[in-house]
Amino acid sequence: MTSTFPDISISTERLVLRALDEDDVPALAAMMNDEQIGAWTDVPQPYTEDRARVWITEYAPTERRAGRGLDLAVTEFLTQRLVGIVQLAKTNWHVRSTEMSYSIAPWARGEGYASEAALATARWLFRDQKFERIELRTAADNTASQQVAQKIGCISEGVLRNACIAHTRTEDGRWVDLRTDFIIWSLLPEDLDGVGDQLADTGGFTSFSDWN
């Protein structure tokens, strides 16, 4: 069995998920400087283009080659614009499990891109890579990210109390840590049965704003 993710591209009706490249540096830096991403992730703020370049040219390739994870740029099929990121991390090749997270650019929210990209990634992991479990962790107050998890069929398994550090801005503009809970979600291959059809029937790809 392989223990490294391939360098792949995943296509959906509206999106192409592919490896990050240096042309993505300006768009990635702009996306990572968003207030919601600053609040719900550990991305340093402000986020510079130099940081984005290191992520793209050093961190992401190293994580993939080491078998620890995979970082995918989420781009619009028609415009090729970067609309978000899907990340796999903490991969266990013996258990065939990995942790998924997603972030969407502020201008692209409300289009259902997070659910579409996450669902496509999950299908690829289960069908092509023979994974048996995907785990998601969402901050207790990050309802948009929780909606994405529910839309793609994830099951809530419980709460890790006081295990998450989110961030909030003070009146003088500084970011400070805010401790909260993690909600743990899991997705198994059988959980995907009918999910794509359900999303299509309900127009679910456009029913909420999404970020992580």
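Two strands pair if DSSP finds at least two bridges between them. Helices (H or I, at least four residues) and strands (E, at least two) are DSSP runs, numbered from the N terminus. The model shown here is predicted: local features need pLDDT of at least 70, side-chain atom pairs count only at pLDDT 80 or more, and totals for chains, interfaces and linings use all residues. Residues are numbered from 1 along each chain as its sequence is written, and side-chain values use heavy atoms, with hydrogens and water left out.

**View 1**
S1 pairs with strand S2 (residues 15–19) in the antiparallel sense, over 2 bridges. Look for Ser11: its bridge partner in S2 is Val16.

**View 1**

A salt bridge is a side-chain nitrogen of Lys or Arg within 4 Å of a carboxyl oxygen of Asp or Glu. The whole structure has 15 of these salt bridges. One of them joins the side chains of Arg53 and Asp50, at 3.5 Å from N to O. Both residues lie in helix H3 (residues 49–66), 3 residues apart, or about one turn of the helix. Arg53 is partly exposed at 32% relative accessibility, and Asp50 is exposed at 55%. Buried means under 20% relative accessible area, exposed over 50%, and partly exposed in between (1.4 Å probe, protein chains only).

Lys90 forms a salt bridge with Glu99, with the closest N and O atoms 3.7 Å apart. Lys90 is exposed, at 60%. Glu99 is buried, at 17%. The side chains of Arg133 and Glu157 also meet in a salt bridge, at 2.9 Å from N to O. Arg133 lies in strand S6 (residues 133–139) and Glu157 in strand S7 (residues 155–169), so this pair ties together parts 24 residues apart in sequence. Arg133 is partly exposed at 21%, and Glu157 is partly exposed at 45%. Salt bridges that share partners join Lys90, Glu99, Arg133, Glu135, Arg137 and Glu157 into one network.
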